[in-house]
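Trainee: Hi! Could you walk me through this structure before class?
Mentor: Happy to, here it is.

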Amino acid sequence: MDPALIAQSDTTGLRPEDLSFLREGGDAGKALREVAWEETPLGKPQHWSPALKSIVRFMLTTRHPVFVFWGADHVCLHNDGYVEFLDPASGEVLGRPGRDAWKSTWGMIGPLVDAVMRDGKSWAENDARSIDNDDLKAAHWQYRYQPVPDPTSVLGVGGVLVV
């Protein structure tokens with residue numbers, strides 16, 4: 001996305017502050033602004049639901065590692081804090097469906113994301129998991145998958161917040 005879009009309104013009549021949720025975020029925020037969102041299942045950020053805009057703003061303004069799966073395709077979003085947990089072999093995951101971005105672990109992650117989206121209940125784990133990348137073969141993880149309510153979603157849950 002052209003950063004100039006954040007500073008001016010577009011043909012939909014949105015004011016500059018309507019895109020202010022994209023202003024923060026360091027390197028991940030910059031990368032997020034450069035994604036061709038109109039080519040993803042999420043579409044243009046100007047048309048994202050208020051819930052998605054809110055969680056993205058939260059994600060980009062915290063230093064805590066945060067990852068979000070959004071929508072039926074579990075489109076991936078993350079902040080700078082989460083970069084160290086990404087598999088370098090996957091390449092950039094922003095804007096990609098979860099099943100494409102997390103190929104090596106989607107068999108484990110996908111059912112958890114689906115369950116949280118479907119049931120609207122959080123899921124947490126504190127265990128050892130293997131990660132297939134060069135720097136980290138096995139680690140002890142403590143993580144939570146939290147539903148993000150979205151009244152515009154058919155299920156009432158728009159996505160999953162991972163911390």
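Predicted model: local features only at pLDDT ≥ 70, side-chain atom pairs only at ≥ 80, totals over all residues.

Trainee: How many helices and strands does the chain have?
Mentor: There are five helices and five strands. Both are DSSP runs numbered from the N terminus: H or I with at least four residues for helices, E with at least two for strands. Along the sequence they follow the pattern α-α-α-β-β-α-α-β-β-β.

Trainee: And what share of the residues is buried?
Mentor: Of the chain's 163 residues, 47% count as buried. Buried means under 20% relative accessible area, exposed means over 50%, and partly exposed is in between (1.4 Å probe, protein chains only).

Trainee: Now the inside. Which residues touch the most other members of the largest nonpolar core?
Mentor: V56, W70 and L77 do, in a core of 22 residues. The elements giving two or more residues to this core are α3 (50-61), β1 and β2, and α3 gives the most, with six residues. A nonpolar core here is a set of buried Ala, Val, Leu, Ile, Met, Phe, Trp, Tyr and Cys residues joined through side-chain atoms within 4.5 Å.

Trainee: What does L77 touch?
Mentor: Leaving out residues up to four places away in sequence, its partners include L32, W37, V56, F67, W70 and L94. Contact means heavy atoms within 4.5 Å. For the whole chain, among contacts between residues at least 6 apart in sequence, 47% join residues at least 24 apart.

Trainee: I keep seeing rings. How many aromatic pairs are there?
Mentor: The count is seven. Rings of Phe, Tyr and Trp (its six-membered ring) pair if their centres lie within 6.5 Å; planes under 30 degrees apart are stacked, over 60 edge-to-face, and the rest tilted. F67 and Y82 make a tilted pair, 5.1 Å centre to centre with 50 degrees between the planes.

Trainee: Where do those two sit?
Mentor: F67 is in strand β1 and Y82 in the loop between β2 and α4, so the pair ties together parts that are 15 residues apart in sequence. F67 is buried at 0% relative accessible area, and Y82 is buried at 12%.

Trainee: Switching to α2: which of its residues are buried?
Mentor: A28, G29, L32 and R33. Seen down the axis of α2, they fall within an arc of 140 degrees, so they line one face of the helix. The arc is that of the directions from the helix axis to the C-beta atoms.

Trainee: Why would residues three or four places apart point the same way?
Mentor: An α-helix has 3.6 residues a turn, so such residues do point the same way.

Trainee: Okay, salt bridges. How many are there?
Mentor: Three, where a salt bridge is a side-chain nitrogen of Lys or Arg within 4 Å of a carboxyl oxygen of Asp or Glu. K30 forms one with E34, with the closest N and O atoms 2.6 Å apart. Both residues lie in helix α2 (residues 26-34), four residues apart, about one turn of the helix. K30 is partly exposed at 44%, and E34 is partly exposed at 47%.

Trainee: What about R99 and D73?
Mentor: Their side chains meet in a salt bridge at 3.8 Å, N to O. R99 lies in helix α4 (residues 98-101) and D73 in the loop between β1 (67-70) and β2 (75-78), so the pair ties together parts that are 26 residues apart in sequence.

Trainee: And R118, is it buried or exposed?
Mentor: R118 counts as exposed, at 54% relative accessibility. Its salt bridge is with D119, with the closest N and O atoms 3.3 Å apart.

Definitions and conventions: Residues numbered from 1 in each chain as written. Heavy atoms only, no water.
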